[in-house]
Structure formats: structure tokens, C-alpha cells
Amino acid sequence: MNKVSLVAIATMILVASCSDETTVYNSPEENVLLEDNQTILDNSISFENSGVLDIFELDKTTGKVSKNEDGTAGDYPLTLVGQVTSPSYRGTLLTASHVDVEGDYAYISYNTSGDTYLGGIDAVNISDPNNPRVTSRLYYTNADINSIKYDNGYVYLAGGFDSERSATIEFNSFVGKVNVTNGRFDISGGITYGFQEGFNATDVKITGNTLLVTSGKDGVITKYDKATVTSTNEAAFADLRAMAINDNTIAVLDGSQGVNVLNQDLEVTAQIGIVSDFGDFAKRTLDFYENNIIVSEGAKGAGVYEAGSGTLLEYIPILINPEGVDNSDVVTNAVAVNEGIVLMANGGAGLCLSEDAGDNTDLVGIIALDGSINYVETKGDYAFAASGKSGLQIIKMNKPSTSLEAACSASPVYSGSSNLNVNSGEELAYRGSKRFNSVNVDGGLLLCGSWTVRNAVNINQSGSFEMNGTFVVGRNNRRRNVTVGKDATFRVEGNLTIYGDLILEDGATLAFLGANSVVNVLGDVVKNGDVQITGSFDDVQNKF
């Protein structure tokens, strides 16, 4: 690793600040290490659990949560792309604390629980959903990094360090500005820092040319000039945990009393009093949700409030209380909203998915992920769950494209069993976005949209199956096969992923339609006799 000496305090260049309580230095900070071992970066992605994700659904009649394998096919055909394993520094495993997504990259921050100050940041290239890559990593050996935000060639970090070890800096909370180019951190020109009151900086956001940073426990929200990281304004609060921005409105979550709505001058224009135990030094977030604000409230779950009046509209409860998990870890740490989908990071109770039902929020279920989920972010077709020492889990939501939905509008939306069986002589066609337990085709079937299958897919003798869109079968640690039987036909237009073998029996035809089909077979392509493969396609694993 390349080490940059950081508290060469004597050589730091002091920059004039607009606040007596904020000091800015243009110089690297002590004990910042850039990982230069490419093998370590390459091995930081795990695909062990990749593939179809189960959702433990809520039975509204019994109140129980189960996989519902033999019931109606479920919505939300999610897949796990892979996991960014948490880095370890000198035997100490770091904890994923926050993630920000911009373009082809996800940026992850890490911290360490307890009194130890140790953290870091990762840049992950997610442009290829079949092959995410960690492209750069930075360790902070004397600081926790609690939040991260990318903007225009830089990542901005909010965190805390032990100011008692510094002869010059009196505040624990800081914001740092690090250059990043094509997913690689560049610290050769130094890192720009700003410091502010508060035990630990908890969140960082950007609006226009302004950088906003919150710090908790007798801290402040500070407004910085984004280019120079010099402070221009600040306002004191008792215990700031997070913030959200909607147009010109800033909402901050104060663990001592609830939500404060601020204008651009950091003046309080409205308050939402919340009587909840937010915990000491615990991660809690909030987000704007249409005309509402949704707040993570620990053991209570998530509260939904009308942004204008502050009226409590509903509580979204924590769906399960798993056995063997300490009650202190069954809490809503963070919330995120994506086109009517609400995701709740519920610690040891997992990642909960709910959907907007107009006048309320309907619980769907718990996404089957490893680890305690302490933060969630979602953007576009992806969700990112920071699961503590289990690292960052990259989830693809597999939303059908609008153009595909229009092209398939003549077919009905599928609403049947999770075990889809097409009998001999039947010709069925459906559109939609569903999770199947199994698919068994003796007649003819067209599926247009996004689909996942937990178990095997069988296209039996003389059967015909055509998929248009996304189709994913099995998972890496529980492989399942797709079998195309004797004289059967499998037509593919779109993205086909099989965590298992593709078995082609004698006389089988595999036809790729269009010019942009992608096939990703994690097992083997087995040809049992004379088979025909036609069309052009991208063979991700080179199995053909």
C-alpha cells in the first residue's frame, strides 16, 4: 500500500475560514493509505450468494412470514449481483456504513464500532451487472467514515477522528474532499478537509455549489463552499443523524426531538416532533417520499409524515423478530424510496420491502440477505444494502423496460401459481415481472418481461419456450438447471442467466433473437446429441 503522511501538521496550509469553529487544510491527513495491490481489489467481490433472491412474504391472514413456494407467483424478481466484502486492516474487519451511486460507480464508506477510529472508502465499477469490480480503495487508520457523496470528479467524506491526538485540530467531526477519476482515488495532490463541532460527522449532501455536513451530539449542520470546503454558515443542533434534500428544502433528523425542516439559510421553517428512542450514536436516516417524509425510528420501524403539516400518516412496522437476534439489533436504521418501493434496513431483521398503495404502504416481505442491514440506498434498477461486516450487497431489481412493456401489451399480465406448468397442446403468453418457484413447459410459452426462477426449468420433448426480457434461474450456492428436451425449442431475446447447467438434448434448438442478447451460464453447456444453436449473442462466461 502507498502511504501518505498526513499529519505533517507543520506543512499544512491554513486556508481562511468564514467560521471561527471550522478550520480547513489543503494537505493530506496522516495515516491515509491507498491500496495498490490489484489482487486484493480483484478478490473483494464475492459471487458465492449471487442469483435469485427469495422474499419471505407476509401472509396477511395468518401474520406469518414464509417463502410462499407453492402459492401465487410473487412480484419483485430480484437478483443478487454480488457482495463487496468488507476490507480488513491489520486484522480488524471494517463495517460498511454508507453508499452513494453515480453513473457506473458505487462509492462505499466504512467505519469501526466502539472507540476505535478506523475506516475507509471503496469505488466499485457496476457498469457490467455480471461483473462488478472494486477499482480503488482508501484506508483511514485514524478516522471513521460515516457517509460518502460523489459529485463532479470528487468524493466527499463525513466522519470522525480523535482530535486529542492532534496538536492543531480541536474538533472530532470532519469532511474530506478526495479526487476520483475513472473510479480511482487520487491523493497525490492532497485531500482538502474541513472540521466542525460535534462528536462525529454523520451525513454529507450536495446541492448546487453547496456542501452540507451534519454532526451529532452537540454538533451542527455546516454549509460549505463545495469548491474550497470553506464554511459559509452553520446552525447548532443537539444530535443530528442524517439529512435529506428536496428541491430547496432541507430536512434534518435530530435524535433528541425529531425532524427539522430548514431553508437555504439553515433557518428552521417547520418541525416534526417525534417521540421515539433513536438510540445513542446509532445510524438513522430519513428520505422524502412524494409529499411525505419517511423516518427510520429504531424499534418502531419507519414513520411516514406529511411534509407540510408534520402529521403522522402511518408507521411501517418491522416485519419479523428473528430468533437468536438481540432486540437491540432489530431496529430500522435507514430507509430509501424508489418509484413507489420503500426499502427499510432493519438490522438483524433484514431488508424489508414495501410498496406504495396510494393511501398507505403495504408490506411485501423480507429480502433474503446475509448479515445485519444497517444502511440501504437505491437508484435506478439497483439497490445497495450495507450489511455491516458482511459488506455491501448489490441487488438488481430487474424492472421491465417501458419499451418492452409496450411491445408486449397484447399479452395478459401473469397472476398465476409460482409453479408455472404449460400442458401439451396449450399455447400461453404472458407479460409482467414475477418470481417463480419452477417452470415446466410441455406446450408453448412466451414470457415477456422480468422473471426469476428459484428451481429448475424444464422445456420438455417438443415443447417451445420463448423469453423476451430478463430471465434468471437458480443461485450460485444452490445451482439449478435449464433443460431443453428432445426436439424442444428455447428462444431467447434479452438477458438469460443460469446459475447451473444449460442441458440441450438431442434435436433441441436454442435460438437467439435480435442482435443484443446476453447469456451468462455459470455451470456448463451440455449437448447430448445433435443440437442447433442459432443467432448472435454475448457469451459472458465463454461456455459455448
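Are Cys-408 and Cys-448 buried or exposed? Cys-408 is buried, and Cys-448 is buried too, where buried stands for a relative accessible area under 20%, exposed for over 50% and partly exposed for values in between, with a 1.4 Å probe and protein chains only.

## Basis of the model

The model is a predicted one, in which local features need pLDDT of at least 70 and side-chain atom pairs count only at pLDDT 80 or more, whereas totals for chains, interfaces and linings use all residues. Residues are numbered from 1 along each chain as its sequence is written, and side-chain values rest on heavy atoms, with hydrogens and water left out.

## The disulfide

The structure holds one disulfide, a term for a pair of cysteine sulfur atoms within 2.5 Å. The bond is formed by Cys-408 and Cys-448, with their sulfur atoms 1.5 Å apart. This pair links distant parts of the chain, 40 residues apart: Cys-408 belongs to the loop between helix H2 (402–407) and strand S41 (419–422), and Cys-448 to strand S44. Helices (H or I, at least four residues) and strands (E, at least two) are DSSP runs, numbered from the N terminus.

Another cysteine, Cys-352, is buried with a relative accessible area of 0%. Ser-403, which lies in helix H2, is by contrast exposed, at a relative accessible area of 55%. Between Ser-403 and Glu-69 there are 334 residues in sequence and 31 Å in space, C-alpha to C-alpha.

## Aromatic pairs

There are 19 aromatic pairs in the structure; rings of Phe, Tyr and Trp (its six-membered ring) pair if their centres lie within 6.5 Å, and planes under 30 degrees apart count as stacked, over 60 as edge-to-face and the rest as tilted. The pair of Phe-174 and Phe-195 is tilted, because the ring centres are 6.4 Å apart and the planes stand at 45°. Since Phe-174 lies in strand S19 (residues 173–181) and Phe-195 in strand S21 (residues 192–196), the pair ties together parts that are 21 residues apart in sequence. Phe-174 is buried at a relative accessible area of 2%, and Phe-195 is buried at 1%.

Phe-436 and Trp-451 form a stacked pair, with 5.6 Å from centre to centre and 10° between the planes. Here too distant parts of the chain are linked, with Phe-436 in strand S42 (residues 427–436) and Trp-451 in strand S44 (residues 444–453), 15 residues apart. Phe-436 is buried at a relative accessible area of 3%, and Trp-451 counts as buried at 1%.

## Cluster and charges over rings

One aromatic cluster is formed by Tyr-140, Phe-161, Phe-174, Tyr-193 and Phe-195. The charged end of Lys-177 sits over the ring of Tyr-154, 4.3 Å from its centre, a relation that requires NZ of Lys or CZ of Arg within 6 Å of the ring centre and within 35 degrees of the ring normal. Lys-217 lies over the face of Phe-281, at 5.5 Å from the ring centre.

## The largest pocket

The largest pocket holds about 960 Å³ of space and is lined by 32 residues, of which Asn-111, Ser-113, Phe-281, Ala-282 and Lys-283 lie nearest its centre. A pocket, on a 1 Å grid over the protein atoms alone, is an open set of points where a 1.4 Å probe fits, with protein on both sides within 12 Å along at least five of seven lines, and lining residues have an atom within 4 Å of a point. Strand S13 (95–102), strand S17 (143–151), strand S22 (200–207) and strand S26 (240–246) each supply at least two residues of this lining.

Key. Grid points are joined across faces, edges and corners, and a volume is the space filled by probe spheres set on the points.
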